[in-house]
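Hi,

Here is the structure I promised to pass on. Have a look at it first, then read my notes below.

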Amino acid sequence: MAVSNRSNSLPLPPGSLGLPVIGESLQFFQDSDFVSKRQQLYGAIFKTHILGRPTVMIYGAEANQTILGNESKNFENSWPASTKALLGPLSLALQTGELHRNRRKLLAQAFKPRTLSTYVEIMGDIAQQYTEKWQQAETLTWYPELRSFTLDVACKLFIGQDNGCQTPLGQYFETWCTGLFSLPVSLPWTKFGKAKRCRDLLLQELGQTIQARQSMENPGNDTLGLLLQARDEQGQGLSQDELKDQILLMLFAGHETLTSAITSFCLLTAQHPEITARLRQEQQQWKSKEALTVDVLKQMTYLEQVLTEVMRLIPPVAGVFRTVLKTCEMSGYQIPQGWSVQCSIGSTHQDQAFYSNPKQFDPERFSPDHLAQQSTERQKYGYVPFGGGIRECLGKEFARLEMKIFAAHLLQNYEWQLLPNQDLDLVVIPSPRPRDGLKVTFKALSD
């Protein structure tokens, strides 16, 4: 896909900018098929106006490579106004250029293989606590429970706090999350207004935690402890204000999208018992043995295929936003300076030029034999659940580790079935989940 800087005489992509000011934002929030309907009307590239800005939506491996691979050249990292305000000005998600590279290097210390290996036991212990509770309940609405599980894991590993979902921080966090992708109208009763208030409360809570940890002789080995000790190439550490914004981003990344991915795994395996049976067969060799380790998890190759396909079929992030730095051409259309471009991850993962029968749940797409037939670049940009380029999700290995530990624990010890008469259609903002919350029966496996 060529990007050039020809004259501004080229036409804009087809589509509609909607109403003045709000554009098509209401339709975007209310209709889970907003993107696919417009793609049927206009094709692989179209214009709209959402979240306060004129936006071009595009998909496909080639488009992803062009946009995600040209950071700071033709395109710059961008977020909707509501997201920017709620993440905070010092968040890694909003930083660019040298500052972004510097801070990314510092934060990466929390996700190095050696550090990740220390997370395994805690993730497994919290998974066991929750599954024992679910077994006693026998029936449950699973999605809210999975949110609590991932938040507890994130709070424990990132800031050393137990039972995070039951604390004031956990309550503020949920309200804050609901406003991240909303109309940026700061009134007390709007989602954004409530989320903004909760951001202030969250920062207070995090500030107290950071201060308490700074006063300790040993700041600890969790993420906060590592970041308190981290120094950049000039020997400078992170300020308390920046620590708060970075920890808040990590809590979001380790909770919201991860909950969506785990929920999708639970849903899709319940709908495909033949795949679940094969997963259980693979797990037999580790059942009732010693605790999981990173080395053991690496051997679960079919589970890896299934989780990879889960995030292809229901990616936890719908798209990636960038701002156009200078007017350019894409696919014969003018993309004006200052507009947003969104690479649609969901549409890329449904691209029939890349995936045969894309709506089918088929883990064999990611078998070693199948992957060997595909080019590296096509694999890299045709499968982007964690984004791509220099801004690929920093915590992707953390997410994959937690998903795998949770899935292995479920498969070895429990079975679950969908309850009838529930709406399994997906609500997609801020991340996909079944409309009725995924209602299931849950019980221990009989020997």
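Below is what turned up, one piece at a time.

Keep in mind that this is a predicted model, where local features need pLDDT of at least 70 and side-chain atom pairs count only at pLDDT 80 or more, while totals for chains, interfaces and linings use all residues. Residues are numbered from 1 along each chain as its sequence is written, and side-chain values use heavy atoms, with hydrogens and water left out.

Since 13 of the 16 residues are buried, α13 is largely enclosed by the rest of the structure (buried means under 20% relative accessible area, exposed over 50%, partly exposed in between, with a 1.4 Å probe and protein chains only).

Next, a helix pair: the axes of α9 (residues 168-178) and α12 (residues 240-253) come within 12 Å and cross at roughly 75°. The two are therefore roughly perpendicular (65 to 115 degrees). L169, F173, W176 and C177 of α9 meet L248, L251 and F252 of α12 (contact means heavy atoms within 4.5 Å).

Last, R322 sits in strand β6, residues 319-324. At 3% relative accessibility, R322 counts as buried.

Cheers

Technical notes: Helices (H or I, at least four residues) and strands (E, at least two) are DSSP runs, numbered from the N terminus. Axes are lines fitted to C-alpha atoms, for helices over the stretch in contact, and angles run from 0 to 180 degrees between N-to-C directions. Angles under 35 degrees count as roughly parallel, over 145 as roughly antiparallel, 65 to 115 as roughly perpendicular and the rest as oblique.
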